[in-house]
Amino acid sequence: MELRQVRYFVTVAQELHFGRAAERLHIVQSAVSQQIRRLERELGTDLFDRSARQVRLTAVGERFLPEARALLAAEQRALAVVAELTAGRARALRLGTSTGLGAHLDRVLDALAGIAPEIGVELVSVRARERLDRVASHDLDAAFLRGEPDGARRDGLSFVPLWQDPLVAVVPARHRLAAVPGTVSLAELADVPLVLTERRNNRALVDLVVNACQDAGFTPLPGPTYGSLDDTLTAIGAPGVPAEGLWTVVYAAHAARLSTPRVAFLPFRNLGMELTTYLAIRRTDPPAGLDLLLKACAVPGTGRDADLDR
């Protein structure tokens, strides 16, 4: 099968007329007909019904058309990549991110700029599920993800472990625990309602916190649900809320950037209150520059050595 045959087929399918298709292709009609016949012989079936006055696609032709268009689109993408590289233009990596990567992301971007200053980066912040979908569909080149996804989200993707993200407790600044320097244990928060996002929004985080509480000997009291982290922190630190009123968790890397004097951020004494951050990548057809991004992620201070065989 030749790409020109596929291109001729798509043009005839659009025009449903061999003469008009030939005009668009700037070749004679007989050449179009000849190449279409060769394609049909190779496929072992007719793609067009020529028995009526008007040319029509057969059932097989209808099914083949979107696949043929996909082949031509892939050709254009390949040509564009070559044109970019030969023209010396920078290739922008599109990376899926989430709120709270904080200094980790800064260090990765700084390291990448030092390793490959010609590579640009476009950051796209969307929910975890959409990040994975968009990596799989080639809309994103890679995506940062906290916690391993469930098996249903793994098809066609690999997950490279990067670093550990410790969690810290968030309590009102006037909470008795905030006045004591050092760490806090989960058991000390057993009687305080816990504010967490819904599990479908962040399965890894919710499961980690709930399971850790149960390991500490209690089931967390469910608190109200708010629309954003900003709303949650505002509610926890609100003057009208009792000092023991509510608590939640945030990533330590994010806490360092939050300017909220009405709440306090307390490190946990409990082991295991951390999530691994992964880089989600496609197993096949990796983007140009991915190897350099992985090197940047493995620079000291950003994470540990990337393992592509994972």
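Start with the surface of the whole protein. Its accessible area comes to about 16200 Å². Carbon and sulfur atoms account for 52% of that area. Keep in mind that this is a predicted model.

Now switch to a cartoon view. Turn the model to see its extent along the principal axes: the C-alpha atoms fill a box of roughly 90 × 45 × 35 Å.

Next, colour by burial. Of the 310 residues, 42% are buried. Then show contacts with a sequence separation of 6 or more: residues 24 or more positions apart make up 74% of them.

**Stop 1**

Select residues 3-15, which form helix 1. Inside it, pick Thr-11. Is Thr-11 buried or exposed? Its relative accessibility is 6%, and the cut-off for buried is under 20%, so Thr-11 counts as buried. Which residues touch it, leaving aside neighbours within four places in sequence? Thr-11 is in contact with Ala-21, Arg-24 and Leu-25.

Move on to Leu-16. This residue sits in the loop between helix 1 and helix 2 (18-25). Leu-16 counts as partly exposed, because its relative accessibility is 26%.

**Stop 2**

Select His-26. You are now in the loop between helix 2 and helix 3 (29-43). Phi of His-26 is near 60°, again a positive value in a residue that is not glycine. How does its side of the story look for the solvent probe? With a relative accessible area of 72%, His-26 is exposed.

**Stop 3: helix 7**

Select residues 203-215. This is helix 7, and it has 13 residues. What length should you expect? At 1.5 Å a residue, the helix should span 18 Å, and its end C-alpha atoms are 18 Å apart, so the two values agree.

Now show side chains. The buried residues of helix 7 are Ala-204, Leu-205, Val-206, Leu-208, Val-209, Ala-212 and Cys-213. Which strands do they pack against? Look for strand 5 (142-146), strand 6 (157-172), strand 7 (248-251) and strand 9 (274-282). Then step just past the helix to Gly-217, where phi is positive, about 100°.

**Stop 4: helix 8**

Select residues 229-237 for helix 8. Its buried residues are Thr-232, Leu-233, Ala-235, Ile-236 and Gly-237. What covers them? The cover includes strand 6, strand 7 and strand 8 (263-267). Strand 6 and strand 7 were also on the list for helix 7.

**Stop 5: helix 10**

Finish with residues 290-297, which make up helix 10. Pick Leu-294 there. Leu-294 counts as buried, because its relative accessibility is 7%. Now draw a line from Leu-294 to Ala-190, C-alpha to C-alpha. How far apart are these two residues in space? The distance is 40 Å, and they are 104 residues apart in sequence.

Notes
Residues are numbered from 1 along each chain as its sequence is written. This is a predicted model: local features need pLDDT of at least 70, side-chain atom pairs count only at pLDDT 80 or more; totals for chains, interfaces and linings use all residues. Side-chain values use heavy atoms; hydrogens and water are left out. Buried means under 20% relative accessible area, exposed over 50%, partly exposed in between (1.4 Å probe, protein chains only). Contact means heavy atoms within 4.5 Å. Accessible areas come from the Shrake-Rupley method with a 1.4 Å probe; for residues, only the protein chains shown count as cover. Helices (H or I, at least four residues) and strands (E, at least two) are DSSP runs, numbered from the N terminus. The expected span of a helix is 1.5 Å times one less than its number of residues.
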